[in-house]
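This report describes selected local features of one structure, element by element. The sequence and the model are shown first.

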Amino acid sequence: MTPMKTVIVFESMFGNTERLAREMGDGLAAERGQVVLADVRHVRAEDFAGCDLLVLGAPTHAFSLSRPNTRADAVRQGAPESRAAVGLRDWLTSIDDVFGAGSARPVVAVFDTRVEKVQHWPGSAARKTARMLRGHGFEVIDHPTSFYVEDVRGPLVAGERERARDWARRLMTTVRTGPERKTA
Ligand SMILES: Cc1cc2nc3c(=O)[nH]c(=O)nc-3n(C[C@H](O)[C@H](O)[C@H](O)COP(=O)(O)O)c2cc1C
C-alpha cells in the first residue's frame, strides 16, 4: 500500500494549536503515514504534491477564525508578535492558487482550539474553516472538531493531546476506507 500523505497546516498564537498539530503528526507518522507539518506563515505550494489528506487547525478568536485585530489582541496578551502576521483565514482566501483548477484535491478535515469554560459560546474557527473550504469545492470529512484549552493562553486541558492523536488516526482510517467514508 502506498503510504498516505497528510499535510497539516496550523495557525497558533500561544502554541497550543501547534502542539496539537505536532501530536497529530506524530500519531500519523507512527502509523507509517507521510506527514508534512506547516505553519500557515510558511506554507509552500510544493508541500501539497501528492497530498491525500489536508488537516487545517486554528485557534478560535471571537467565535470564528482570527483576524488581524484579534491577533493583535493576542499579542497584547503575551503572544509573540511574529505569529500575528498571517492567519488561516488569509491563506484560505488564496487556496485556489495552491490547488489550481483541474488538479487533484485532497479531502480535508478541520479542527480548532477553544476555551473549555466557554464551550457553550456559539461559533468556532473550525466551523468557519469548513464553510470556507466547501465554498472552494473541497470535501470536508468528519465534523469540525474542537480541542480545549484552560484559558486564553493555555495550557491544553488534560487528555487533549491523546484525543488529538486518536482523531488523526481515525481520519487516516476514514480516508483509507475511501468512497464509503462519511462526509460531514
Ligand atoms: C482575541 C481573542 C479572542 C478569542 N475568542 C474566543 C472565542 O470566541 N471562543 C473561545 O472559546 N476562545 C476564544 N479565545 C481563546 C482562544 O481560543 C485561545 O487563545 C486559543 O485556543 C489558544 O490557541 P493557540 O495557543 O494556538 O493560540 C480568544 C482568544 C483571543 C486572543
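Where is Ser94 found? Ser94 sits in the loop between H3 and helix H4 (95-98).

## Basis of the description

The structure is a predicted model, in which local features need pLDDT of at least 70 and side-chain atom pairs count only at pLDDT 80 or more, while totals for chains, interfaces and linings use all residues. Residues are numbered from 1 along each chain as its sequence is written. Helices (H or I, at least four residues) and strands (E, at least two) are DSSP runs, numbered from the N terminus.

Ser94 counts as exposed because it has 8 C-beta neighbours inside 10 Å. The C-alpha atom of Ser94 is separated by 9.9 Å from that of His136, and the two residues are 42 residues apart along the chain.

Pro80 belongs to the loop between H2 and H3. Pro80 has 11 C-beta neighbours inside 10 Å and therefore counts as exposed.

## Surroundings of the ligand

There are 23 residues around the ligand, and of these Phe14, Asn16, Thr17, Thr113 and Arg114 come nearest. A residue is near a molecule or strand if its C-beta atom, placed from the backbone, lies within 6 Å of it. Helix H1 (16-30), helix H2 (68-76) and strand S4 (107-115) are the elements that give two or more residues to this shell.

By class, the shell around the ligand holds 11 nonpolar, 10 polar and two charged residues. Ala, Val, Leu, Ile, Met, Phe, Trp, Tyr, Cys and Pro count as nonpolar, Asp, Glu, Lys and Arg as charged, and the others, Gly among them, as polar.

## Helix H1 against helix H6

The axes of H1 and helix H6 (residues 160-177) come within 8 Å and cross at roughly 50°. H1 is therefore oblique to H6. Axes are lines fitted to C-alpha atoms, for helices over the stretch in contact, and angles run from 0 to 180 degrees between N-to-C directions. Angles under 35 degrees count as roughly parallel, over 145 as roughly antiparallel, 65 to 115 as roughly perpendicular and the rest as oblique. The crossing of the two helices, H1 and H6, is right-handed, a term for the near helix being turned clockwise from the far one by less than a right angle.

From H1, the residues Leu20, Glu23, Met24, Gly27 and Leu28 meet Glu160, Arg161, Ala164, Arg165, Ala168, Arg169 and Met172 of H6. Two residues are in contact if their C-beta atoms, placed from the backbone, lie within 7 Å. The contact of H1 with H6 has six nonpolar, one polar and five charged residues.

Ala125, Ala126, Lys128, Thr129, Ala130 and Leu133 are the buried residues in helix H5 (residues 125-135). They pack against strand S3 (53-59), helix H3 (88-93), S4 and strand S5 (145-149). Gly137, with a positive phi near 85°, follows H5.

Strand S3 includes Leu54. Leu54 is buried because 24 other C-beta atoms lie within 10 Å. Apart from neighbours within four places in sequence, Leu54 is in contact with Val7, Pro106 and Val108. Leu54 and Val7 are 5.0 Å apart in space, C-alpha to C-alpha, and 47 residues apart in sequence.

## The loop between S5 and H6

Arg153 lies in the loop between S5 and H6 and counts as partly exposed, with 14 C-beta neighbours inside 10 Å. Not counting residues up to four places away in sequence, Arg153 touches Phe14, Gln77 and Gly78. The C-alpha atoms of Arg153 and Ala164 are separated by 19 Å, and the residues are 11 residues apart along the chain.

Pro155 is also found in the loop between S5 and H6. Gly154 and Pro155 are joined by a cis peptide bond, with omega about 0°.

## Positive phi outside glycine

Arg32, in the loop between H1 and strand S2 (34-39), has a positive phi near 65°. Arg32 is exposed, with 10 other C-beta atoms within 10 Å.

Phe63 is not a glycine either, and its phi is positive at about 70°. Phe63 is placed in the loop between S3 and H2 and is partly exposed, with 14 other C-beta atoms within 10 Å.

Methods
A residue is buried if 20 or more other C-beta atoms lie within 10 Å of its own, exposed if 12 or fewer, and partly exposed in between; C-beta atoms are placed from the backbone.
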